[in-house]
Amino acid sequence: MPKLQGFEFWSHTLRGARHVVAPMVDQSELAWRLLSRRHGAQLCYTPMLHAQVFVRDANYRKENLYCEVCPEDRPLIVQFCANDPEVFVQAALLAQDYCDAVDLNLGCPQMIAKRGHYGAFLQDEWDLLQRMILLAHEKLSVPVTCKIRVFPEIDKTVRYAQMLEKAGCQLLTVHGRTKEQKGPLSGAASWEHIKAVRKAVAIPVFANGNIQSLQDVERCIQDTGVQGVMSAEGNLHNPALFEGRSPAVWELAEEYLDIVREHPCPLSYVRAHLFKLWHHTLQVHQQLREELAKVKTLEGIAAVSQELKMRCQEEISRQEGAKPASDLPFHWICQPYVRPGPRAGSKEKAGARSKRALEEEECGTEVLSKNKQKKQLRNPHKTFDPSLKPKYAKCDQCGNPKGNRCVFSLCRGCCKKRASRETADCPGHGLLFKTKLEKSLAWKGTQPELQEPQTATPSTPGGFSEVMSSALA
């Protein structure tokens, strides 16, 4: 049977999915997907997987996709990041029997994607992307899909989407932000870009961005004409978003922990989910935030969640009879998190500043970041004043700190290459190439020369023993 394409693929294989859980690194694992499906999600993506690692590492495949057969977890799309057509297809071939489609990540804007040269940092390499999609479309038994970010210009975004469609992409998810819009610089996603793409292509389109409630989902579908809406951060803070409910946090936290006991995952994933679910309450109960960060077992995490539940219920009993100020007045209700933007009134252009610069501007130079505060708790004498940090002389070749006693005035890595090339010693770095060579030659000079063994014919009695004796003499 030939594989379904375009709208047939969406309506039959994906069952006309409209409510979609996004691919999220270490956050859309099986347990979370099952929780989301129980509360209105109709399609889920795996976390973003690294194609090259997936090809070479059997344990990575087992942990992320081959862990167990779970009929509830369908339809499912596996997402890969890749920048090589052959590697992408090899990974997809290994995954295609465990999913309904394979997605190429062209939307990740993080620094790790820039260093690895994948995600949104491939969006200007159209020839490469055409080859990747075309080869996957030809080789795979399941459809290939793409998740992209927009360009600032609507017309360029439209041409980008049409290029991917022509290459063989069967479904397109459009995140309505540029790759520069992330963290404090996120801003609002542009539904105008998404609407223009939907009108310009003949394949299904999912929208991503600005989704905090079921009303946002319905409004996005109406305004843009897309087939479905994908949620990432909204889903993490309220897995019941697609049901149109905002339940008490402990209701979903307890249900998630029960699923994790049945379908285990790394403790770091569980902790991260609880931080998202309890985000607003943990602003009130800071001590329990520290407890959640330190706990080392699943039952320990469950105990912290139970303590948060008890404190919230005590607060509810004290507030009985009080009039709520809004639809979601209480911190123990699953509700969206609105990311704070850059400080208004700055003369600098927001896009030209780094995340670190924004944090320093927001907090002031005297207030340490959370990571630095944790380091200072472990070591009260630690200082982060740059003027008090020791200054290191730089290596002449790479700019890393050089060894104080290096004979070449280099760092250890550069020193090792040079000492090896020149057969020289550097006592400062403990590299003794010259000394070891001299000792080796001296040792060889003191050894007696081995005599040539005499050959023996098979007919000579005891010939083999004589040969061995002479060789060992």
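## About the model

Residues are numbered from 1 along each chain as its sequence is written. Because the model is predicted, local features need pLDDT of at least 70 and side-chain atom pairs count only at pLDDT 80 or more, while totals for chains, interfaces and linings use all residues, and side-chain values rest on heavy atoms, leaving out hydrogens and water.

## Helices α13 and α15

Let's start with helix α13 (residues 267-277) and helix α15 (residues 286-294), whose axes come within 10 Å and cross at roughly 165 degrees. Here axes are lines fitted to C-alpha atoms over the stretch in contact, with angles from 0 to 180 degrees between N-to-C directions; helices are DSSP runs (H or I, at least four residues), numbered from the N terminus.

The two helices are therefore roughly antiparallel to each other, the word for angles over 145 degrees. In contact (heavy atoms within 4.5 Å) are Arg271, Leu274 and Phe275 of α13 with Arg289, Leu292 and Ala293 of α15. By class, that contact has four nonpolar, no polar and two charged residues; Ala, Val, Leu, Ile, Met, Phe, Trp, Tyr, Cys and Pro count as nonpolar, Asp, Glu, Lys and Arg as charged, and the others, Gly among them, as polar.

## Helices α9 and α10

The axes of α9 (residues 191-200) and α10 (residues 214-224) come within 9 Å and cross at roughly 50 degrees. Trp191, Ile194, Lys195 and Arg198 in α9 meet Asp216, Arg219, Cys220, Asp223 and Thr224 in α10. These residues divide into three nonpolar, one polar and five charged.

## Cysteines

The whole structure has zero disulfides, meaning pairs of cysteine sulfur atoms within 2.5 Å. The sulfur of Cys406 is 3.7 Å from its closest cysteine sulfur, in Cys415, too far for a bond.

Notes: Angles under 35 degrees count as roughly parallel, over 145 as roughly antiparallel, 65 to 115 as roughly perpendicular and the rest as oblique.
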